[in-house]
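Me: Please take a close look at the charged side chains here. Where do they sit, and which of them pair up?

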Amino acid sequence: MTDSHHDDFGFDGGASGRAEADLQRSSDRYRAALKAGALVLWRADLAGRVRAVLGWEALTGQPDHLALGRASLGRFHPEDRARLDFRGLEHCDSLQVECRVRDAQGHWRWVRARGVLIPKSDGHPAEWVGTLEDMHEERLALERARYLAERDALTGLGSRRTLYEHLHRLRGKDATATVVLIDVDRFKAINDLHGHQIGDRFLVRLAQALVACAPAHAVCARMGGDEFCAVVADAVEARALCARLKTACAAGMTIGPVFCVPDFSAGIADADWTARNPVSTVLRQADLALYSAKAQPGSALQFTPAMQDEADARETLLHALGSACRNDEFFLEYQPIISLDSDSPIAFEALLRWQHPTHGRIEPSVFVPLAEQNGMIGEMGRWVLNRACADLLRAPADLRLAINVSARQLAEPGFAEAAAAIVHAYGLDPARLTLELTESVAVSTVAPGSEVEALRRHGFRLVLDDFGTEYAALSHVSSGLFDGIKLSRDFIADCCTADRAWMVLRHVVNLCDDLGLTVVAEGIETDEELECLRAAGVRLVQGYYYDRPRRLSELCPAPAAVA
């Protein structure tokens, strides 16, 4: 049997007259349909020789006759040929294979090959008949979707899903595994100062550094935002990875016009495949270790059971926070702000306290971050403002109070209007209240200025709190948004022990004096600190040196009623 030209696809060449014309028309229709759908019809014998083909040129750009005979197998990708060899397929009567065929430009195109075995009958030998369907774009779309599912679109690292699947494979092999969870320290400052485009490029560079520092067998992934993860063999490899990445970061990174020296915190946890839900457990433990490490930025900590105990305690407090306001477990204490000129208080700072019926006194450094995490900080802030206003009503008319405001409160639309409504409901002048905004607020939330400007319009005084804890804060002193600054305890400690830091303090105080801003130093405890600040020109202070926080009624008795 000889190979047929592609015109012979089973049509009867002996037909004549109208029948022949009908068959020709039918053939033309098939050709048009094949061309429109990029579909190839083929038939082949059991030896694998292609006897006839229609549509090959439309699909590949190559003449149809090149697809005939045994040589046609050579047009397919070497990895796919074994599945397309019809020899030895007598045991099945159909096939479906996704494979690659070379086109006229030498590119591989994905096609779906389908075939059906027609048994021999009435003198006709058995043969295969089938189609080749163009599925190149479909396959590319599928591969792209798979890539996006398995890879982070920005950095090219594995995704969270990739990491989970890898850990499950290691569990199936009972292989050792250690998870390293990495979080960039102060990444938000990079975005705020240089924009998200530089921030994204930084993340790409850090991802490249992570891969370069990790062992060859490690799987690296981006968990989201500025958080990355690597799975290595054991804790020794984990610590070595962190050390190498520290060295790479310490050398600095140049990203366009920006040079930065990044740092990171890391949590490390060993997988225990005997644990319940071991993959989720090891990731949770690494996250808890990271949580502890971020309290000491730049550190890399191994998970310990104590971290789980602390997490359980935080979870208990989170639930307790929900009822604390309603059960009247919160109360306010006040600390005087002293004028060194008169040696008497000019205002009092309101400090929130929590006395839990079971857990006792809980420090603000513990419960305020929890309130920010679970979204309760807004409700808590409104409670503080209401209680401070109620206390102020019972105080002398010239007394002023200072209240702390968190970034989360300022981020709430309408915060300024709500604060003004509370103060006016008590018949008070907003000028008697100073809102202390932390520097982290100033760097991120205050910059847009919408809520801050609204607070100023309502008459509140605003102070930049914790001055000296962020390098970008000085730019906000001259912004016109604030009435004063409050020096952080750490900044004061440096100024009182180092001459250069003291000179910086003196110039900051002079600048504030020139701009008409007040300067308050907090946390004063010793004579030496007081004299150091006095010499630098600071006139307002607060701290245990003068008084501990107490109820306002103890610090400032209500005026006697007029008979």
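Reply: Asp309 is exposed, at 52% relative accessible area. This is a predicted model. Asp309 belongs to helix H10, residues 305-324. Together with Glu310, Asp312 and Glu315, Asp309 makes up a negative surface patch. A patch takes only residues with over 30% relative accessible area and no salt bridge, so Asp309, at 52%, passes the area cut-off.

Now the paired charges. Side chains of opposite charge can pair when their charged atoms come close. The whole structure holds 29 salt bridges. One of them joins Arg49 to Asp45, with the closest N and O atoms 3.1 Å apart. Arg49 is partly exposed, at 33%. Asp45 has a relative accessible area of 11%, so it counts as buried.

Glu333 and Arg361 also meet in a salt bridge, 3.2 Å from N to O. This pair links distant parts of the chain, 28 residues apart: Glu333 lies in strand S13 (residues 330-339) and Arg361 in strand S15 (residues 360-362). Glu333 is buried, at 11% relative accessibility. Arg361 is partly exposed, at 40%.

Arg382 and Glu412 form another salt bridge, with closest N and O atoms 3.8 Å apart. Here too the pair links distant parts of the chain, 30 residues apart. Arg382 is in helix H12 (residues 377-393), and Glu412 is in the loop between helix H13 (407-410) and helix H14 (415-425). Both ends are partly exposed: Arg382 at 41%, Glu412 at 29%. Elsewhere, salt bridges with shared partners tie Glu98, Arg112, Arg114, Glu133, Glu138 and Arg139 into one network.

Technical notes
Residues numbered from 1 in each chain as written. Predicted model: local features only at pLDDT ≥ 70, side-chain atom pairs only at ≥ 80, totals over all residues. Heavy atoms only, no water. Patch = residues over 30% accessible without salt bridge, like charges linked within 9 Å, V, L, I, M, F, W, Y side chains within 5 Å. Areas by Shrake-Rupley, 256 points an atom, 1.4 Å probe, with all protein chains shown as cover. Salt bridge = Lys/Arg side-chain N within 4 Å of Asp/Glu carboxyl O. Lys, Arg positive; Asp, Glu negative; His and termini not counted. Charge placed at Lys NZ, Arg CZ, Asp CG, Glu CD. Helix = DSSP H or I, 4+ residues; strand = E, 2+ residues; numbered from the N terminus. Buried < 20%, exposed > 50% of the residue type's maximum accessible area, 1.4 Å probe, protein only.
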